[in-house]
Amino acid sequence: MTQPWLPPALRNPNVITRYHNLIHPTPTTTGCLVWLGALSAQGSGRFWVEQGHVIIAHRFGYALTHGTTTQLQIAHTCDEAWCQNPAHWEQATPAQNTNDWIRRRDHLGNPLRDTRGALGRAKAIRTAARTGTDINAALHAGLPELDLYQTHLPGLD
């Protein structure tokens with residue numbers, strides 16, 4: 001069931017501007033757009049739409065981009081829960097999202113392998129974006145040492 005406050009928010013230029021102002025303008029080397037606002041315990045962006053109404057930032061962005069809301073999950077093809085790049089989002093059932101996570105979590109260099117956990121990773125990347133330090137270095141800082149020295153072999157996905 002769609003929240004009744006969401007459709008008007010998607011038409012409100014002040015809410016839309018506030019959402020866009022919480023996205024770092026420069027993409028990472030992987031094309032991700034960093035969320036600068038609040039984060040959930042899972043590392044997703046949290047967007048306060050209006051008093052008392054909070055939504056996962058990429059759900060708001062998806063609805064804004066596609067002009068519609070969905071009851072399905074919005075999966076990140078980049079595996080970065082904080083990413084606000086619409087090209088990195090797709091609708092998925094909970095089962096599809098879980099299966100993708102299982103399939104990709106052990107790939108070398110995958111964000112899901114970050115030793116800081118999803119929230120620790122998101123905080124480090126957000127901090128780098130906010131302070132003007134190297135965002136791409138923050139992307140790699142929490143990866144296991146093995147990931148930094150092994151090459152990914154195409155076709156082993």
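Visitor: With which residue does D79 form a salt bridge?
Guide: D79 pairs with R104, and the closest N and O atoms are 2.7 Å apart. A salt bridge here is a side-chain nitrogen of Lys or Arg within 4 Å of a carboxyl oxygen of Asp or Glu. D79 is in the loop between β4 (73–76) and β5 (89–92) and R104 is in helix α4, so the pair ties together parts that are 25 residues apart in sequence.

Visitor: Before we go on, what kind of model is this?
Guide: This is a predicted model, in which local features need pLDDT of at least 70, side-chain atom pairs count only at pLDDT 80 or more, and totals for chains, interfaces and linings use all residues. Residues are numbered from 1 along each chain as its sequence is written, and side-chain values use heavy atoms, with hydrogens and water left out.

Visitor: Back to that pair: is D79 buried or exposed?
Guide: D79 is buried, at a relative accessible area of 13%. R104 also counts as buried, because its relative accessibility is 15%. Buried means under 20% relative accessible area, exposed means over 50%, and partly exposed is in between (1.4 Å probe, protein chains only).

Visitor: How many salt bridges does the structure hold?
Guide: There are 6 salt bridges. D114 takes part in one with R116 and in another with R121; in each case the closest N and O atoms are 2.6 Å apart. Salt bridges with shared partners join E80, D114, R116 and R121 into one network.

Visitor: And which of those residues are buried?
Guide: D114 and R121 are both buried, D114 having a relative accessible area of 7%. R116 is partly exposed, at 27%.

Visitor: Let us step back. How many helices and strands does the protein chain have?
Guide: The protein chain has 7 helices and 5 strands. From the N terminus on, the order of elements is α-α-β-β-β-α-β-β-α-α-α-α. Helices (H or I, at least four residues) and strands (E, at least two) are DSSP runs, numbered from the N terminus.

Visitor: What about its overall dimensions?
Guide: The C-alpha atoms fill a box of roughly 50 × 35 × 25 Å along the principal axes. For 157 residues, a compact globule would have a radius of gyration near 15 Å, and the 16 Å of the protein chain agrees with this. That radius is taken over C-alpha atoms, and the globule rule is 2.2 Å times the number of residues to the power 0.38. Of the 157 residues, 39% count as buried.

Visitor: In what order do the 3 strands of the open sheet come?
Guide: The order is β1-β2-β3, with antiparallel pairing. The edge strands are β1 (38–39) and β3 (53–56), each of which pairs on one side only. Two strands pair if DSSP finds at least two bridges between them. Strand β2 (residues 45–50) is joined to β3 by 4 bridges, and F47 stands opposite I55 in β3.

Visitor: Which residues of helix α3 are buried?
Guide: In α3 (residues 57–66), the buried residues are A57, H58, F60, G61, Y62 and A63. Their cover includes α1 (6–11), α2 (13–21), β2, β3, β4 and β5. Just after this helix, G67 takes a positive phi of about 70°.

Visitor: Now G43, please. Where is G43, and what does G43 touch?
Guide: G43 is in the loop between β1 and β2 and counts as buried, at 0% relative accessibility. Leaving out residues up to four places away in sequence, G43 touches A81, W82, A118, L119 and A122; contact means heavy atoms within 4.5 Å. G43 and G120 are 77 residues apart in sequence, with their C-alpha atoms 7.5 Å apart in space.

Visitor: One last topic: which residues form the nonpolar patch on the surface?
Guide: W101, I102 and L112 form that patch, with about 260 Å² of accessible area together. Patches are made of residues with over 30% relative accessible area and no salt bridge; like charges are joined within 9 Å, and nonpolar side chains (Val, Leu, Ile, Met, Phe, Trp, Tyr) within 5 Å. Accessible areas come from the Shrake-Rupley method with a 1.4 Å probe, and for residues only the protein chains shown count as cover. L112 is found in the loop between α4 (94–104) and α5 (117–131).
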